Every structure is written in structure tokens, then in C-alpha cells.
Amino acid sequence: MTYIPESLRQQVTERAKGRCEYCYLHQDDTYFSHEIDHIYAEKHGGGTIGENLCLACADCNRYKGSDLCSVDPQTNTVISLYHPRRDQWHEHFRLLDTGIIEPLTGTGRVTERVLRFNRVDLVAECARLMTLGKYENLI
Ligand SMILES: [Zn+2]
């Protein structure tokens with residue numbers, strides 16, 4: 001694990017407004033603190049610089065690991081995962097009022113599957129936060 005200076009950690013956290021940049025859960029609403037993710041892992045040449053870093057919840061960071069892409073189940077082609085610095089969340093996903101994050105594109109589909117956005121525990125938590133008005137307003 002690479003050392004990330006505290007000032008850079010703080011910049012990344014503030015830029016994300018404390019939200020996971022993949023599933024958009026706020027770090028105040030999770031048990032474990034959010035982590036700094038290398039969007040492109042160091043083993044793929046990704047640097048420890050602001051443009052390659054994002055804030056990720058522990059689950060998204062764990063499921064993503066060093067992955068960069070996956071096979072789209074609809075087209076059977078290799079597609080890049082959602083890139084928080086280059087992609088717009090709303091172009092690839094839509095939050096349903098059930099707490100499910102619906103993928104809208106190939107990038108959305110591969111990211112939803114690899115990061116397991118719609119696992120039962122996360123959907124239930126998102127739905128619970130939505131009833132409290134703490135989730136949909138963040139997206
Ligand atoms: Zn997340």
C-alpha cells in the first residue's frame with residue numbers, strides 16, 4: 001500500500017464531499033471509514049496524484065481492487081469501469097427509489113457487477129437512508 005500524504009487525502013475527501021465516488025454513500029453513514037482508491041492501480045501505471053485518486057467506501061474499494069474493465073454481459077465486449085474523474089455518474093447509473101442503482105450503459109453494467117452495487121445489504125442501506133432523506137439528495 002502506497003503512502004498518500006495527509007494533505008492529498010484531505011483534498012480527495014473534500015473534493016468528493018465525503019461520498020464514495022462509486023456508490024455515493026456518505027462516509028458518515030458507513031461503519032468503516034472511506035478509503036483513497038487509485039482509479040488506475042499502481043501496477044497499471046496509475047500515479048498517486050489527484051487525478052488518479054478518488055474516495056471509495058471500503059466495499060467498493062475491495063470489490064474494485066485493481067480492476068480497470070470487465071466484459072459487458074449484454075455485448076460480450078470488454079468495457080472500462082466507471083472512472084470518477086472522467087465519467088459523469090448520471091450518464092451511467094440511475095438511482096431507483098428502491099435503493100437499487102440501475103446501470104444505463106456498458107460502463108454502468110460492468111461497474112455495477114464488479115463493485116456489486118446491488119448487493120442486498122447495500123440496497124437495504126440505501127433504501128433506509130433514502131427514507132431519512134440522506135441518500136437521494138447526495139446524487
Ligand atoms: Zn461505495
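Predicted model: local features only at pLDDT ≥ 70, side-chain atom pairs only at ≥ 80, totals over all residues.

Residues are numbered from 1 along each chain as its sequence is written, and side-chain values use heavy atoms, with hydrogens and water left out.

**First stop: the cavity**

Select I39, Y40, K64, D67, L68, L81, Y82 and H83, which line the largest cavity. A cavity is a set of points, on a 1 Å grid over the protein atoms alone, where a 1.4 Å probe fits but cannot get out; lining residues have an atom within 4 Å of a point. The lining divides into 5 nonpolar, 1 polar and 2 charged residues. The volume of this cavity is about 40 Å³, a volume being the space filled by probe spheres set on the points, with grid points joined across faces, edges and corners. The structure holds 1 cavity of 30 Å³ or more.

H83 counts as buried because its relative accessibility is 7%, the classes being buried under 20% relative accessible area, exposed over 50% and partly exposed in between (1.4 Å probe, protein chains only). From H83 to L68 the C-alpha distance is 8.9 Å, across 15 residues of sequence.

**Second stop: the zinc ion**

Which protein atoms are the donors of the zinc ion? They are the SG atoms of C20, C23, C57 and C60, lying 2.3 Å from the ion; donors are N, O and S atoms within 2.8 Å of the metal (3.2 Å for Na, K and Ca), and sites may look incomplete because water is not among the atoms. The angles among the 4 donor atoms run from 101 to 115 degrees, and the site is tetrahedral, a class that requires four donors with all angles between 85 and 135 degrees. The donor residues follow the spacing C-x2-C-x33-C-x2-C in sequence. Distant parts of the chain are linked by C20, in the loop between α1 (6-15) and β1 (35-38), and C57, in the loop between β2 (53-56) and α2 (58-64), 37 residues apart. Both C20 and C57 are buried.

Move to D72, in the loop between β3 (69-71) and β4 (78-80). D72 is buried, since its relative accessible area is 1%. Its side chain reaches the backbone nitrogen of Q74 at 3.0 Å. The side chains of D72 and R109 are joined by a polar contact of 2.7 Å; such a contact is a pair of N or O atoms within 3.5 Å, where within protein one must be able to donate a hydrogen and the other to accept it, and residues adjacent in sequence count only if both atoms are side-chain atoms.

N76 also lies in the loop between β3 and β4. Phi of N76 is near 60 degrees, a positive value in a residue other than glycine. With a relative accessible area of 64%, N76 is exposed.

**Last stop: L129**

Finally, select L129 in helix α5 (residues 120-131). L129 is buried, because its relative accessibility is 0%.

Conventions: Tetrahedral: all angles 85-135°; square planar, octahedral: opposite > 155°, others 65-115°. Helix = DSSP H or I, 4+ residues; strand = E, 2+ residues; numbered from the N terminus. 1 Å grid on protein atoms, 1.4 Å probe; cavity = no way out; pocket = protein on both sides within 12 Å on 5 of 7 lines; lining within 4 Å. Nonpolar A, V, L, I, M, F, W, Y, C, P; charged D, E, K, R; others polar.
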